[in-house]
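Hi,

Here is the structure I promised to send over. Please load it first, then read the notes below.

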Amino acid sequence: MQIPFNRPYRAPRELDYLAEAAASGHTSGDGPFTRRATALVESLTGAAHALLTTSCTHALELCALLLDLKPGDEVIMPSFTFVSTANAFALRGAVPVFVDCRPDTLNLDENLVEAAVTPRTRAIVVVHYAGVACAMDTILAVAGRYGLAVVEDNAHGLGGSYRGRPLGSFGALATQSFHATKNVSCGEGGALLINDPSLVERAEIIREKGTDRSRFFRGQVDKYRWMDIGSSYLLSDLLAAALTAQLEAFGEIQRARHEVFDAYAAAFGFSMPPGHPAHLYYLLMPDLAARQELIAHLRGRGVQATFHYQPLHDAPAGERLGRTGPGGCPVTSDVADRLVRLPLWAGLTPSDVDRVISSVAVPA
Ligand SMILES: Cc1ncc(COP(=O)(O)O)c(C=O)c1O
């Protein structure tokens, strides 16, 4: 019996809600389930406004459009992240400026951010890796000093917190992912969180193909027209139905995931700071060869384990479209080679977890 790396959770009411959405006839975006899921996302994240999107990637693209980034503008971000963090801004012609991560949290090293600021810098994008908070105090202070926008790529961090405040509530904008690999998922999906009220109206327009259709549906205008550039970023209400069921089960999902996380932490002696949402568990091996050996060894014992991000700063597109900040990204290059993620999902049984632990412990 294989232990998969990930298996999406299925919430108790998911199939009923999907059937209800299909039967209702409202399968396009912004229907009744979108309203329910949006309210749940807002209450979990403390965001005043959330807009469901087709993915976190698209929510990041919305951020780049909302910040009106122009070719040559610079955006500071970690090299240790998913390609979408950089792509969303590169699509506008902006230049990702890659900064190294901290060896303890693998988050953007807040002490290196200021040295990467130039007169072209417009924004700082943080990624809360594994849902562990970046040092937002320092990052917000640097942003404030230079008048930069802060965007939180909170793909991992639903339910996570920093000094008691939910992740996603710190930046002018933040993004969530509901991809099948995330704690809460609907196959593919995401959300844009808007903490700067001045961006709400334009965000609605850009998400609705550049039209004021959302205002039309609320009866605020008598026809909808082309108002701005935009694209189609609405989540289907079918997927919002699945998402609603998952968000309603958030407490149960988190309880199950924390149980697995805590068992790994007890066995391997590596944990994460309080406030993390048990999104992933990783080990750092001594070097690349040891990491590859462990993944192969686990595969041989029916346990799927995997590496994670490949650094962006020296990837082909990173070198072509981005720039590396002063000092380079040596920590990123080092940890990317050594990191292995273990299976972590809500349906893992205690005996699955024991098997993963004993398989890691047995030498190859
Ligand atoms: C940090 C980060 N940002 C963005 C994304 C993209 O999310 P999505 O698949 O919802 O577009 C991911 C995907 O895992 C991610 O890890």
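Start at helix α13, residues 330–338: its buried residues include V331, T332, V335 and A336. Keep in mind that this is a predicted model. Why do these residues sit on the same side of α13? They cover an arc of only 120° around the axis, so they share one side of the helix. The general rule is simple: an α-helix has 3.6 residues a turn, so residues three or four places apart point the same way. What do the buried residues of α13 pack against? Their partners are two strands, β10 (281–284) and β12 (339–342).

Next, the helix pair. Helix α3 covers residues 56–66 and helix α4 covers residues 83–90. The two pack at an angle of about 35°, and their axes are 8 Å apart. Their crossing is right-handed. On the α3 side, the contact is made by C56, T57, L60, E61, C63 and A64. On the α4 side, S84, T85, A88 and F89 make it. Sorted by class, this contact has six nonpolar residues, three polar and one charged.

Have a look and send me your comments.

Best wishes

Conventions. Residues numbered from 1 in each chain as written. Predicted model: local features only at pLDDT ≥ 70, side-chain atom pairs only at ≥ 80, totals over all residues. Axes fitted to C-alpha atoms, helices over the stretch in contact; angles between N-to-C directions. Helix = DSSP H or I, 4+ residues; strand = E, 2+ residues; numbered from the N terminus. Left-handed = near helix turned anticlockwise from the far one by under 90°. Contact = placed C-beta atoms within 7 Å. Nonpolar A, V, L, I, M, F, W, Y, C, P; charged D, E, K, R; others polar. Buried ≥ 20, exposed ≤ 12 C-beta atoms within 10 Å, placed from the backbone. Arc of directions from axis to C-beta.
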